[in-house]
Amino acid sequence: MSERSPLTLGAYALAAILALFELAVLWQGLHPHVSDNYRAYYLDRSTTCLPQPVIGAYTVGTELDFKSGGDDTRELRPCGWDGPAGDGMHSIGETSLLRFELGQPQALTLMLELTGSTLPGPPTQTVVISANDTPIGTVEVTPDQTERFTFAIPADAIGADGTLVVKLDYPDAISPGPRTANTYWRSVKLTAGSLTPAI
């Protein structure tokens, strides 16, 4: 058996290392270690809302204006909103979130002022509302008709640290065009909202 030159052995070793690296990359691709939110948005495509970190600072009892020129609500909107615009904060996708840091759990009344999208589609938009994954109500929102809806949020639906994530799901969201991804579908416009102590 002929002796291998150091250069040949080095080439074999480099090829083996590259093959191992490629196998490791393939394994990571097949079994990614990612957050649940990342997996749901990018891999499973089970949501159209990828939450971004927001502060969520809010004073209970404050009514927020979500129209352009109104309150700065960026730190309350993790995902699912486009705008603001003159006619309100437009929902995008099939889910939108609002996050509030309240300091402590307490029974509250949530008010949302909503208008339905005027795009061609269903005569009303169904909106399913939950508080930290606890269902709190379902409403029908009419295009070009602004209405205020209230929902009771029990104290035990709020996190022990006072965190509240309000989720709006839109099962009837409308595609603006035939090639528009569902992450850009439209449903409602949010014009105002508040959390007040439950009576």
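**Sheet and salt bridges in a predicted model**

Strand β4 and strand β9 (residues 163-169) pair in the antiparallel sense over 7 bridges. Two strands count as paired if DSSP finds at least two bridges between them, and strands are DSSP runs (E, at least two residues), numbered from the N terminus. This is a predicted model, in which local features need pLDDT of at least 70 and side-chain atom pairs count only at pLDDT 80 or more, while totals for chains, interfaces and linings use all residues. Residues are numbered from 1 along each chain as its sequence is written, and side-chain values use heavy atoms, with hydrogens and water left out.

**The open sheet**

- Strands β4 and β9 belong to an open sheet of 4 strands, which runs in the order β4-β9-β6-β7 with antiparallel pairing.
- At the edges lie β4 (95-101) and β7 (134-141), each of which pairs on one side only.
- On average, neighbouring strands of this sheet are turned by 20° against each other, direction ignored. Here the axes are lines fitted to C-alpha atoms, and angles run from 0 to 180 degrees between N-to-C directions.

- Side chains of opposite charge can pair when their charged atoms come close.
- A salt bridge here is a side-chain nitrogen of Lys or Arg within 4 Å of a carboxyl oxygen of Asp or Glu. By this rule the count comes to 8 salt bridges.
- One of them joins E63 and R148, with the closest N and O atoms 2.6 Å apart. This pair links distant parts of the chain, since E63 sits in strand β1 (residues 63-65) and R148 in strand β8 (residues 147-153), 85 residues apart.
- E113 and R148 also meet through their side chains in a salt bridge (2.7 Å, N to O). Again distant parts of the chain are linked: E113 is in strand β5 (residues 108-116) and R148 in strand β8, 35 residues apart.
- Through shared partners, salt bridges join E63, E113 and R148 into one network.
- As for burial (buried is under 20% relative accessible area, exposed over 50%, partly exposed in between, with a 1.4 Å probe and protein chains only), E113 is buried at 14%. E63 is partly exposed at 41%, and R148 is partly exposed at 46%.

**The K67 and D65 pair**

- K67 forms a salt bridge with D65, and their closest N and O atoms are 3.2 Å apart.
- K67 is partly exposed, with a relative accessible area of 29%, and D65 is partly exposed too, at 27%.
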